[in-house]
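Have the viewer open as you read.

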Amino acid sequence: MTATNLLENWASVRHFHPIDDKPHDPYKWAMAIDLDACTGCNACAVACYAENNLPVVGREKFLHGQSMHWMRIERYWEEDGREFPDQGFQFLPMMCQQCEAAPCETVCPVGATNHTQDGLNSQIYNRCIGSRYCSANCPFKVRYFNWYDYPTTENVWPAEMNRQLNPDVTVRGKGVMEKCTFCVQRLRAAEVTAKGEGRIVREGEVQTACQQACPASAISFGNLVDPESRVHKQWLTQQVDLDKDKQDKDQKEGGSDLRGYRILEELRPYPSVMYLERVRESAV
Amino acid sequence: MIDSGSEKHLAGHPFDRRDFLKVLGWSGTAVALSGCGNTSIEDGKETVVSYVEAKDYVIPGVAVYFNSTCAQCDAGCSISGKVREGRVLKLEGNPDSAINKGKMCGVGQAGVQHHYNPDRVREPLLRNGDKGETITWEKAYALIAEKLAAVKGEEIAFLTGGVSGHQKVLLGNYLDSLGTKNHFVYEAVSPGVVRAANLKAYGVEMPRYRIDKAKVVLSFGADFLGAWVSPVHFSQQYAQFRRGVDGQRGVLIQAESKMTLTGANADRWLAVRPGTEGILALGIINALGTATGDVAELVKGYDKARVSRDTGVEPSNIDKIAALLKLRSPSLVLAGSAAEGYAHGSQNAAAINLLNQVLGNVGKTIEAPVSVPFPQMSPAKGNTAALKTLNDDLAAGKYKVLFNVATNPVFTAPASYKFRDNMARAGFKVAFAHYLDETALQADLVLPLDSAMEDWGTSVPEYLTEGAQINIQQPLMERLHPNTRGLGDIVLALIKQRRADEYKGFDDYYGYLRGAMLQNKGALGGGGSDDDNFWNDTLSRGIVKLAGPSASLNASMATAGLKLPAPVEIDEHYPFQLIPSVTSSLRDGRHTNQPWLQESPDPLTTIVWDSWVEMHPKKATEMGIVEGDIVEVTSKTGSVKAQVYLFPGIYPDAVSIPIGRGHDAMGRYAKGYGVNPFQIMDSVFESATGELAMHETRVNITKTGQRVIVVKDEGPAGGMQMGRKIAARVSTDQVDLSKEV
Amino acid sequence: MYRFLRLPILLVGLFMAVSCYAVNDSQPTLTTEDDLGPQVAQPIEFPHYRHAGNRNTVDPTNSDPTKGGMEINCQYCHTYARRSLTAGIPPLQKCIGCHQNIPSVRDKPRIVELFKYWDAKKAVPWKKVHDLPDFVRFTHERHIKRFIEQQGRPVQEVCGYCHGQVKEMVTARRQKPITMGWCVSCHMKEHVVAAKADIPEGGTPIGKQAYWYTFQKPAETKNAAGELTAKGPNDCWLCHK
């Protein structure tokens, strides 16, 4: 296999990740975020802090780029030489894209981050040795490293504040990497309940914390292989294929009149999050 | 009649509430804290969670949800508190509420950090020189009785924020028993001017806005997605508005001098010269060309050239907006804080409301409000004029005893009020407080309040959406600190000092509340059920929905008295207009000590943990200022120093400093971070209502020569996409929304 | 300097590492007799053998406490196990519920102690015997559903997989290692798939749908008796999250 051949066919070599040749069945968790509904209000980010025991690092550490927001709102403004941002700013909720061919997984020296059968990119804290290769290799910059032992750091969880910690989520110690999990604790609880009842998780039965909070309902989340799910329908109507690095609709002459796209698709990580473009009125 | 001591019922399950809400087996969290990799897993080191008595549905490891009401702001969102092993872990929205429909904002989520805050006041404190001495509640009550006995009724004043529900009734009765009418309802950030203008234009203070029904929304600085009136509700309407009415996506146009979160989401954002919002509204009426009679007469002079010159808005934009408004109906025009914050704020708001009327929106996207059928419970709305009156009275030495219920005027009054000094003129000052904030520190007696997760209560939001509702607040867990008390309990104890006979039947505020609710069972929709069932049902729902009387709108197109001043000329000593901005996460600064909100980046600038001065890049370049320069912002009243952030979404002759930071007390997460723009705010008042005109301060900017790195979340690319398709945008003519699901 | 030495040193190191690994290729058996945990002192010496132990067939009246138990179902007291992650300890009222009607043992020291807690309305501070690290979330509920409810195996047998012969103990003592390797060793085994499970033809309702992937049903394995078998889940994120 020549280097060129390897590079050209890298996608087929490294993706279709589900273990033991089993495809995503019965679950493939995925998301769709409507940027035209998102207002950039940050409710999702705070909900994530509440659900996932994220430490508040404080001014000093934030300055050093050590903030731990698994869910962050990115703000963009394209100048184009204009005096004012007269079509507003661009907000983008950014969290782990749970890539199907995740660049972070292939570089972990200890297999602490790997793919689950329901299409998540898992991060196992007790396996992580803190090499931070995954973070270096993540094109979305959504992995966060515990540079400090936050549980014992002053004013992170002082007395009483620690009682808010979610018992379903591990409180991470120093030296491990962490990232958005699609609220795996909620997913697993729902999956186990469904399994006990001999069925699959129904649409709407499980929500991620960010989706649940979003005042504009811009985030939809669900099982991509369930034809009843909203996420399935959205991906289907937007003609975004999970296992393509160039969507057919974009190859057509004149482009597509559909809004669905995935960020940095051309790098072939096959993200599980589809965004819907923000729309701006052409009449004003 | 009332037996609050006996077994209480909830969600149809009788159980002893006290036992359930008790915090159990500390081991769970204590261990969770020791984190990963270094925990003891030695057998027999930890204690297992166990109950003495528990009902069948109480299962360790399984969360139970209790419905209550968010108390972080006055919007009245209903919440569902997740409770496990006696600890409240997370607040989620209650889907049954018409206000928030299961959704929550960041401020609401942070309610748990208010409850668990390490800086809460835990004991009643009595001033002894510079220190607070812990005293018992009995002693505190006795002291209040003693002080009150020595003064006349009219020498007592009460300062509160917006109150409603049974707290308002009880508080009213207490004031009555003291023989005082001096109740000042104060909110540092309130739509006071807009309320007055609405009353004139529509006959009601706050109609129901239907953003979801509008095809075009033209907002004059109303930050309805961020911090205006009922943001979570409006955000839901906004999502509906974007999805479209009859397949047509709604268009948002925002006109303001400093971009708000809502402005950042606009299809067209217009930088307006500060204070000229009314002129722009009249200019649009003129451009519409549909007005007749008085209105036509009024707008005659507002031709495009003049309006454009006055407001700084391009004539072509005025044309486009007028054309769009004509084409797509119904529309909705909103007047927000940017329009009302001037001495002529009422005039601005009146001009904007007039535009609504000309467009025929009243009755279509502006609907009549509903109210609860119990007027005594409907909210006492706070405004800033109340504080002005109180301050003047205090300065005149009218009051000997001042009660302050959890407001913080020492922080939110303009420095020119000298509120701290005037407050000292009241001989005895009692503060009901959650934190030792700037105002509580000036008090002689500090009474620690329960958090909203420990207290009983009812409330009626000012802005009701689909129907009338009374919100129920109930404890989600046992008191964290044994010596805090609920506001209701404190007022009940105090009123018993005056009217013992009348209130002796009530052991506590819970008993009072239950009794009062049961008394009106019929009117509250529980006519058929017995007391316990009704009460259980009410608590499990967390909301009482009512068919409230609906007011009627009277759309009177009154132009009399509507006269807008010409834009202010630039003052060479103070060339900039100061716009103190209200951010969606910090609002008036009462929640600054909640670290999630401090670390939640400001959506527009992405700055955390600090204040900043927003300047337009063009102006900054002229002055040789770059990002991070510390500048001194000087007004006639005073000066503050803060870092500069170059921000294109601001009128070049304006600068903006956010409200909420700059505390010098309150707690570890608030104290010492940022600056407080109230300290340099001039005392200028709105001419018709007497509200504080917050945008009327003019300032000068000077470089200090110092420079810092701005702590922000913007990332190394500085908010640029560098040609990548990251946050993509498409215009309506390139997309077919009708295919979407 | 000495740069030429780097490769040889690396190679020697690699060789040593590989040979060490090769020598150590036999894994020790995971459950041994030595896995007994310490005897944990409890506030009350609760006699499991007396409550859950087998009935004394010689003395059916069961009058001699040293001879036999009452065969009480584990789940009668550990009632949370089938509904929660945690099996939990029953509320004190459950103990009292029975014992207030058993005057014959009312004066025994342990029962006197028990009633002292009840009168003071204080929870008994039982000590944890089977403790897991905080990054592990084991679920009792799923295991009970799988083996007791779906497959109909005896309760004491199922609980005993992990907890050992508690019915023969006084206060419980750990008998199994409760380590990850030990958990996984069981998950790697082929377990008979629940006979009672009502799985529609072709898998789950969604299993029939081909999505972007070509749907392949996993190969079904059968044991010697011809029963369908499957392994336990092998997903790190099931327990560590």
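Two residues are in contact if their C-beta atoms, placed from the backbone, lie within 7 Å. Please keep in mind that this is a predicted model.

**Where chains A and B touch**

With that cut-off, 88 residues of chain B are in contact with 79 residues of chain A. Which element gives the largest share of the side of chain B that touches chain A? That is helix α8 (residues 231-243) of chain B, with six residues. By class, the side of chain B that touches chain A holds 41 nonpolar, 25 polar and 22 charged residues.

**A parallel sheet in chain B**

Chain B has an open sheet of four strands in the order β13-β12-β11-β14, with parallel pairing. The edges are taken by β13 (268-271) and β14 (331-335) of chain B; each has a single partner strand, so one side of each is left without a neighbour in the sheet. Direction ignored, neighbouring strands of this sheet are turned by 10° against each other on average.

Strand β12 (residues 251-256) of chain B runs parallel to β13(B), and four bridges join them. Here Gln254(B) has Trp269(B) in β13(B) as its bridge partner. Helix α13 (residues 315-327) of chain B packs on the sheet and touches β11 (216-220), β12, β13 and β14 of chain B. The direction of α13(B) makes about 135° with that of β11(B).

**Two helices side by side**

Also in chain B, the axes of helix α10 (residues 277-288) and helix α12 (residues 304-311) come within 10 Å and cross at roughly 160°. Angles over 145 degrees count as roughly antiparallel, and α10(B) and α12(B) are therefore roughly antiparallel to each other. Their crossing is left-handed. From α10(B), the residues Ile279(B), Leu280(B), Gly283(B) and Ala287(B) meet Lys304(B), Val307(B), Asp310(B) and Thr311(B) of α12(B). This contact has four nonpolar, two polar and two charged residues.

Strand β4 (residues 78-84) of chain B runs antiparallel to β5(B), joined by six bridges. Val83(B) stands opposite Val88(B) in β5(B). The two strands form a hairpin with two residues between them, and in the turn Glu85(B) has a positive phi of about 45°. Is strand β5 (residues 87-93) of chain B largely enclosed or left open? Seven of its seven residues are buried, so β5(B) is largely enclosed by the rest of the structure.

In chain C, three strands form an open sheet in the order β1-β3-β2, with antiparallel pairing. At its edges stand β1 (191-192) and β2 (221-222) of chain C, each with a single partner strand, so one side of each has no neighbour in the sheet. Two bridges link β2(C) with strand β3 (residues 228-230) of chain C in the antiparallel sense, and Thr221(C) stands opposite Thr229(C).

The strand pairs line up as follows.

| Strand pair | Sense | Bridges |
|---|---|---|
| β12(B) and β13(B) | parallel | four bridges |
| β4(B) and β5(B) | antiparallel | six bridges |
| β2(C) and β3(C) | antiparallel | two bridges |

Methods
Residues are numbered from 1 along each chain as its sequence is written. Chains are lettered from A and ligands numbered from 1 in the order in which they are written. This is a predicted model: local features need pLDDT of at least 70, side-chain atom pairs count only at pLDDT 80 or more; totals for chains, interfaces and linings use all residues. Axes are lines fitted to C-alpha atoms, for helices over the stretch in contact, and angles run from 0 to 180 degrees between N-to-C directions. Angles under 35 degrees count as roughly parallel, over 145 as roughly antiparallel, 65 to 115 as roughly perpendicular and the rest as oblique. A crossing is left-handed if the near helix is turned anticlockwise from the far one by less than a right angle, and right-handed if clockwise. Ala, Val, Leu, Ile, Met, Phe, Trp, Tyr, Cys and Pro count as nonpolar, Asp, Glu, Lys and Arg as charged, and the others, Gly among them, as polar. Two strands pair if DSSP finds at least two bridges between them. A residue is buried if 20 or more other C-beta atoms lie within 10 Å of its own, exposed if 12 or fewer, and partly exposed in between; C-beta atoms are placed from the backbone.
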